[in-house]
Protein chains: 2
Amino acid sequence: MNNYGESNGDSNVHEKQVEGHDHCENGDGSDNRVILGIDGGTTSTVCVCIPLFSSSKSLPNPTPILGRAVSGCSNHNSVGVTVHVSYPTETAARGTLEEVMAEALSKSGSDWSAVHAVCLGVSGVNHPTDQERILNWLREIFPSHVKLYVQNDAVAALASGTMGKLHGCVLIAGTGCISYGFAEDGREARASGAGPVLGDWGSGYGIAAKALTAVIRAHDGRGPQTMLTNKILKALSLSSPDELIGWTYADPSWARIAALVPEVVSCAEACDQVATKILVDAVQDLALSVKAVVQRLHLCGEDGNGSFPVVMVGGVLEANRTWDIGKEVMKCIQEQFPGAHPIRPQVEPAVGAALLAWNFLMKESTGNSHS
Amino acid sequence: MNNYGESNGDSNVHEKQVEGHDHCENGDGSDNRVILGIDGGTTSTVCVCIPLFSSSKSLPNPTPILGRAVSGCSNHNSVGVTVHVSYPTETAARGTLEEVMAEALSKSGSDWSAVHAVCLGVSGVNHPTDQERILNWLREIFPSHVKLYVQNDAVAALASGTMGKLHGCVLIAGTGCISYGFAEDGREARASGAGPVLGDWGSGYGIAAKALTAVIRAHDGRGPQTMLTNKILKALSLSSPDELIGWTYADPSWARIAALVPEVVSCAEACDQVATKILVDAVQDLALSVKAVVQRLHLCGEDGNGSFPVVMVGGVLEANRTWDIGKEVMKCIQEQFPGAHPIRPQVEPAVGAALLAWNFLMKESTGNSHS
């Protein structure tokens, strides 16, 4: 796996003293050095600061959070989203990123000089060029000994469920959807995550767009009548399906459409057949994304029964309804791969990013000690 | 049918002499008065000027075109498109409209005072408020005796196939798709035409988006391998399916995606199963749009075998390929409604709009003579 870590040629960072900073042990295996984990989402940026634990100790659970800060969007160039919402300029995005890190450090009673590693999970990072560009921002902020990692937000989400270990598959289904997996040997694969034009039908946007379409089809005689009509019109305070067309295109935000998922779930819970079919299809689509990754990485082992985690993230998969999309997706995956076991992360993606940085550091440190 | 005609209370316009304009007969049943037909599309505006034939004569075929002019987009507010391309401001759109009419009149050797009626077909006109707004533009340009009509562009397209008569169903499948029908008694109905978010899967955009999705799915392991991959990557000069994501969202134009339809047809002609399924599904979707309209208007008569025209318009339906989408759509419609007979218009939509105006005038004139 190319983790796009950046050591600036310093292979012994872990033993290097930062000038003017005293790395005394705190009695719990940590010194004063810290790791920053950042979740650069499409609507907000979250930064957490955790202590740097020495490699000899296992990571305490729950992970101690020294400080946490939230700011606006730092995601300058998110695939599939750029054309649909107003994004900050690169300068503004960098400013946001720097601010949120400064605030998290300040809340931690720490400062820039204590930072030993930074991991930033960003949605829409798909190409090395995206990662390189963001790494360059971080390089301008931090001195050369600080370890810098930039990852797709799905990787940070996986880490949030596995305490930083990159093994298994994560399925994110919020406004968009993606599945992303890692084998023990570092091979990685993804499926879906190509945005609504390119068939992310299991996403919140995909589910809601299908529901809106069903209302239009019932109205113009192409499809069966459905409870979705009244439910959605009421939710949007519209009086006729004709008005849905204007509503749909009046605002380009995908999240606004995805927000209708609860209406679809309600109709399915009331046994509406159209709504039920939409959810059943979404379940198949989401499960297929995971299965494709599992198959490509052979996560299930030779006999197909091998154990691996499936980290479930995002509003669509939340288990707070009778019609439980996440549970149905897992059932569908387990029919083919009985060793798949679901994990719902107990920590947020920013903490996942911090844990990821810690794991990268430990690996590099182990690698160094063996060399 | 509410045709949004505007007579300004003048019920005897046909016999009214325009001041300073001599309506001498030309020997072919026309005088010097003219009708303007305008097709206000999403990419350009076409205006044609035809002579006003008296009601006692049938319309000559082919329709004599006195002048024709083409200009930029005059479509200020097109549903489903506003958020995706740069549209002119209302002032610019009005300016374009006025210019293209002036040019068509000038080429006809005519002038504003000769205009007896204007019919403007505009895509995305779905609500009386849209029509009223555009009528107001025209009212400011023309004196009160000029008859003004504003219609959805689908209505003008129907008229282009029926020589102005509003009976039957039109199916337009270009970048978008819509079906629109009229019964003899004036009842009207439409289906589809709600844009790509709301399930216009038979449109050029819909077909191409499904093809792009199939390439992504083949690439990430969710779908079968398909010839579409090489065909589309070659057409777009891309080297990997990963690059399709960036390509798709780099430009918000729907027409750019719809332009890939010929690649899909080529793959289907080479018996690629994935491409074939996409086209078969599109055929079903398009036929369903027409069937829904036919059923709601009872165009097929009591016994289901009644004769009615289906006017076929747009690039997707053009009969220039072995895999002929338009032909398959008609077959599918005729399985249910054997009386459906296809018409491929011999004149452009702007002429359809002019013929529509002529038909409205004749109806009103007949109505007046009977009153």
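Is Lys107(B) buried, exposed or partly exposed? With a relative accessible area of 49%, Lys107(B) is partly exposed, where buried means under 20% relative accessible area, exposed over 50% and partly exposed in between (1.4 Å probe, protein chains only). The structure is a predicted model, in which local features need pLDDT of at least 70 and side-chain atom pairs count only at pLDDT 80 or more, while totals for chains, interfaces and linings use all residues. Residues are numbered from 1 along each chain as its sequence is written, chains are lettered from A and ligands numbered from 1 in the order in which they are written, and side-chain values use heavy atoms, with hydrogens and water left out.

**Interface between chain B and chain A**

- Chain B contributes 38 residues to the contact and chain A contributes 39 residues, contact being heavy atoms within 4.5 Å.
- About 3100 Å² is buried between chain B and chain A, and carbon and sulfur atoms give 65% of this area; buried area is the accessible area (1.4 Å probe) that two parts lose on being put together, summed over both.
- Leu198(B), Arg222(B) and Tyr249(B) supply 27% of the area that chain B buries against chain A, more than any other three residues.
- Between chain B and chain A there are zero salt bridges, a salt bridge being a side-chain nitrogen of Lys or Arg within 4 Å of a carboxyl oxygen of Asp or Glu.
- The two chains have 16 residue pairs in polar contact (both at pLDDT 80 or more); a polar contact is a pair of N or O atoms within 3.5 Å, where within protein one must be able to donate a hydrogen and the other to accept it, and residues adjacent in sequence count only if both atoms are side-chain atoms.
- On the side of chain B that touches chain A, the elements that give two or more residues are β8 (188–192), α4 (204–220), α6 (242–250), α7 (254–258) and α9 (273–297) of chain B; helices (H or I, at least four residues) and strands (E, at least two) are DSSP runs, numbered from the N terminus.
- The largest share of that side, eight residues, comes from α4(B).

**Salt bridges**

- The whole structure holds 24 salt bridges over all chains.
- Glu103(B) pairs with Lys107(B) in a salt bridge whose closest N and O atoms are 3.1 Å apart.
- Both residues lie in helix α1 (residues 90–107) of chain B, four residues apart, about one turn of the helix; Glu103(B) is partly exposed at 33% relative accessible area.
- In another salt bridge, the closest N and O atoms of Arg68(B) and Glu348(B) are 2.6 Å apart.
- Arg68(B) lies in strand β3 (residues 67–71) and Glu348(B) in the loop between β10 (340–343) and α11 (349–370) of chain B, so this pair ties together parts that are 280 residues apart in sequence.
- Arg68(B) is partly exposed at 37% relative accessibility, as is Glu348(B) at 24%.
- In chain A, the side chains of Asp185(A) and Arg187(A) form a salt bridge (2.9 Å, N to O); Asp185(A) is exposed at 54% and Arg187(A) is partly exposed at 35%.

**Cysteines**

- There are zero disulfides over all chains, a disulfide being a pair of cysteine sulfur atoms within 2.5 Å.
- The sulfur of Cys119(B) is 11 Å from the closest cysteine sulfur, in Cys47(B), which is too far for a bond.
- Cys119(B) is buried, with a relative accessible area of 0%.
- Cys300(B) is in no disulfide, the nearest cysteine sulfur, that of Cys169(B), being 12 Å away; Cys300(B) is buried at 8%.
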